[in-house]
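Dear colleague,

I am passing on the structure below, together with some notes on what was found in it. Please look it over before reading on.

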Amino acid sequence: MLEPDLVPDGSVDGITASPSAPGVIEPTGEAPQTRRRVQRTINFDRSVLERARAAATYLASYEPQAGVRSLADIVNPAVLAYVTELEELYNAGEPFRPVLRMPSGRPAKR
């Protein structure tokens, strides 16, 4: 496997890396915000978003026992389940190293 080239500022392909002692896991980027919820912009396939919005609207209005009051009540558990699966498959069931700043846009082609 080829190692990415470091650029002079110490980042790798736009991701800031924090030097640390071997075996010490430190998050990259800036300090996290202290609020429980944060607002982020992400892109969805239109059909997926329309279905999720329709489900959230219907369930919030007509099926309160479903526990879905907003789109976030659908998205958060789905993302958590998938990330947990990825951690199992690719990181021995451990959480991935925290990354506090991700580069925007599409990743560069290799």
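Which residues make a nonpolar surface patch of about 280 Å²? The patch is made by Ile42, Phe44 and Val48, where patches consist of residues with over 30% relative accessible area and no salt bridge, like charges being joined within 9 Å and nonpolar side chains (Val, Leu, Ile, Met, Phe, Trp, Tyr) within 5 Å; a salt bridge is a side-chain nitrogen of Lys or Arg within 4 Å of a carboxyl oxygen of Asp or Glu. Accessible areas come from the Shrake-Rupley method with a 1.4 Å probe, and for residues only the protein chains shown count as cover.

Please bear in mind that this is a predicted model, in which local features need pLDDT of at least 70 and side-chain atom pairs count only at pLDDT 80 or more, while totals for chains, interfaces and linings use all residues. Residues are numbered from 1 along each chain as its sequence is written, and side-chain values use heavy atoms, with hydrogens and water left out.

Val48 is placed in helix α1 (residues 46-62), helices (H or I, at least four residues) and strands (E, at least two) being DSSP runs numbered from the N terminus. Val48 counts as partly exposed because its relative accessibility is 46%, which falls between buried (under 20%) and exposed (over 50%), with a 1.4 Å probe and protein chains only.

The protein chain has 2 helices and 2 strands, in the pattern β-β-α-α along the sequence, and 5% of its 110 residues count as buried.

With kind regards
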